[in-house]
Amino acid sequence: MPERRLLYARPGRLSAYGWRASTLTEEACFAATDAGIAEFSAYLLRHASTPLSLLVNVAEESYIADTIPRLGRADRAKLIQRRLAQRFATPAFATAAADPTSFRAASMRSPATATFATAPAASAAPLTAALSLGKNTAAPREEKLLLCALTPTPSLAAWLTALQESGSLLRSIHAEAQLGGALLRRLRIIDEHCLLLTTHGNYVRQSYCVRGQLSFSRLSPLAVEASLTAGEQDAARAADTPGATLADALINHATTLLQYLRSQRMLPREAPIRVCVLVDSQEREAVSARCVDGDALHFSIFANDDVAERCGLQCRGTEVTASEIALHLLATSPPPTQFADASRRRTYQHHRANTALRRIAIACLAAGSLATASNLVLREQNLQDAAAIRAEIRAEPQAEIGAEARSDSPAAPLADAPSASPTEAATAARPRQPFPIDHATLRRIAEVQSVIDAPDNSPRALLRPISAALDSAPLIELRALDWHAADTPAILQSAAAGAPGPARVSVRGVVDAAATLAPRTALARFDEFIAALRREPDLDVAIRQSPFSGERTGGSYEREASRHFVIDLTLRQKT
């Protein structure tokens with residue numbers, strides 16, 4: 001499996017990881033300073049030919065639920081782009097994002113539309129995406145969408161600028177909240193409504209999923225100490241149980257989310273909700289003891305190491321974090337929706353096209369090489385077969401000569417027997433024929449074939465005068481040329497006399513096939529054709545069938561059948 005490189009951007013830092021065969025290795029970590037950005041640019045130049053995927057885990061994000069009518073692919077894409085521009089490129093978005101600790105409902109037409117923003121808007125354009133949540137059960141002709149936006153902070157904008165200026169192969173940009181549904185599927189959580197809490201240092205990510213699909217998410221400061229009273233803090237420090245303080249903070253965050261969901265009517269008031277919490281292994285027992293199930297919250301506590309094993313992430317002996325689990329899910333099950341637009345992915349798309357063309361060229365070269373090798377093998381086999389055939393042909397006359405020498409030898413059993421002819425010797429030397437044939441018949445066949453193969457019997461000498469006569473008679477159309485070397489008796493007589501027999505060509509044609517001329521005029525053109533042929537001194541012309549020689553039908557000559565003719569042309573024997 002080829003190695004992939006993943007980038008993980010969090011508040012103030014960016015880490016580069018290498019992922020291969022389910023093993024994640026941290027290669028570098030860069031601070032959000034000028035020196036860190038310079039080191040990051042140098043890292044990108046070293047890995048300019050490797051596709052990169054960026055996973056963002058920042059608080060500057062927004063999720064808005066919306067609905068659109070069901071449309072075609074092109075119209076749907078245009079409408080989604082217009083909705084994204086309306087929701088995240090207006091002053092209302094900046095105002096809604098001013099309070100980092102509260103949820104706000106957006107004033108939209110759809111009652112199911114709600115928004116959550118957690119940070120002030122920055123001057124940079126937000127990275128937007130739209131996630132389909134399926135068909136709206138209340139209105140079957142509508143589709144539910146979750147409009148997502150990441151507002152680039154100065155540090156995130158610096159990372160994106162470095163990626164664009166270095167010409168890196170940016171495959172995609174994802175938010176960590178998008179991987180919540182994949183994580184719940186790996187944990188086999190089948191509850192309809194579920195809260196997912198993951199700790200990241202001093203931050204906790206809270207994601208709300210419905211049927212395994214993200215509805216909203218936020219990254220908040222953990223504020224462990226602030227969630228406890230002074231007595232509880234002293235008791236936790238004295239007992240040396242940091243998991244207890246973490247558990248109280250997680251309970252506080254889960255309770256706040258539950259109140260919001262019920263206030264927005266996203267969850268029935270009396271319905272409990274499943275809360276899945278991912279913590280470090282050493283804190284699991286303390287958190288499990290503190291987070292007990294109640295009427296509203298049902299907790300499921302997971303250790304990061306156990307979750308990594310379920311997801312297939314190979315542990316390297318160190319403590320696995322929730323961020324590394326998210327990176328592994330990004331490498332194995334990337335979400336279909338991502339935030340990088342076409343301009344940021346142009347270099348990667350060119351790289352994909354070039355890679356595809358190279359693979360096609362390699363495949364064509366391999367196919368051509370195989371075809372060439374196959375043709376060479378076939379050619380060698382054909383050469384061997386041809387050599388064997390030539391050797392067999394050369395061996396046949398030797399066998400005939402040997403048979404003739406044995407028949408003429410004085411050591412023959414019958415000394416007074418007449419010597420065999422070459423034909424009989426050849427017959428004796430050949431294998432037995434599948435049908436009975438005597439020597440006389442075989443001799444006659446060989447003589448007839450020799451007469452037919454004679455150069456003087458070729459029809460070439462007859463074709464030249466026919467072509468000249470056709471040039472002078474354009475209304476004559478040929479339909480067939482039948483070549484006869486000679487009749488069988490003539491061939492045998494010529495073979496016995498040692499001279500080739502007369503060659504004959506039967507010419508079949510039609511005069512004025514379109515019937516544009518009167519019969520008398522057509523006959524005149526036929527006579528001119530015959531006269532042109534008879535001007536050849538070595539040519540005998542015999543008319544076997546002339547045009548208009550049949551009876552008239554219905555008071556008129558048939559248009560084409562009555563205009564046919566047949567003539568025989570024979571070369572005169574040279575004396």
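**Close-up 1. The cavity of the predicted model.** The structure holds one cavity of 30 Å³ or more. A cavity here is a set of points, on a 1 Å grid over the protein atoms alone, where a 1.4 Å probe fits but cannot get out. This largest cavity has a volume of about 130 Å³, the space filled by probe spheres set on points joined across faces, edges and corners. Of its 14 lining residues, Glu 176, Leu 183, Leu 196, Thr 198 and Ala 326 are the closest to the centre; lining means an atom within 4 Å of a point.

**Close-up 2. Elements and classes in the lining.** Two or more residues each come from α5 (180-186), β10 (193-200), β11 (203-210) and α10 (322-332). Helices (H or I, at least four residues) and strands (E, at least two) are DSSP runs, numbered from the N terminus. The largest share, four residues, belongs to α10. By class, nine lining residues are nonpolar, three polar and two charged.

**Close-up 3. Ser 53 in strand β4.** Strand β4 spans residues 52-56 and includes Ser 53. Ser 53 is buried, at 2% relative accessible area (buried: under 20%, 1.4 Å probe, protein chains only). Its contacts (heavy atoms within 4.5 Å) include Arg 4, Leu 7, Arg 171 and Leu 330, leaving out residues up to four places away in sequence.

**Close-up 4. The loop between β2 and β3.** Ala 21 lies between β2 (13-20) and β3 (23-31). Its phi is positive, about 55 degrees. Ser 22 sits in the loop between β2 and β3, with a positive phi near 65 degrees. Most residues other than glycine have a negative phi.

**Notes.** Residues are numbered from 1 along each chain as its sequence is written. In this predicted model, local features need pLDDT of at least 70, side-chain atom pairs count only at pLDDT 80 or more, and totals for chains, interfaces and linings use all residues, while side-chain values use heavy atoms, without hydrogens and water.

How values were computed:
Buried means under 20% relative accessible area, exposed over 50%, partly exposed in between (1.4 Å probe, protein chains only). On a 1 Å grid over the protein atoms alone, a cavity is a set of points where a 1.4 Å probe fits but cannot get out, and a pocket is an open set with protein on both sides within 12 Å along at least five of seven lines; lining residues have an atom within 4 Å of a point. Ala, Val, Leu, Ile, Met, Phe, Trp, Tyr, Cys and Pro count as nonpolar, Asp, Glu, Lys and Arg as charged, and the others, Gly among them, as polar.
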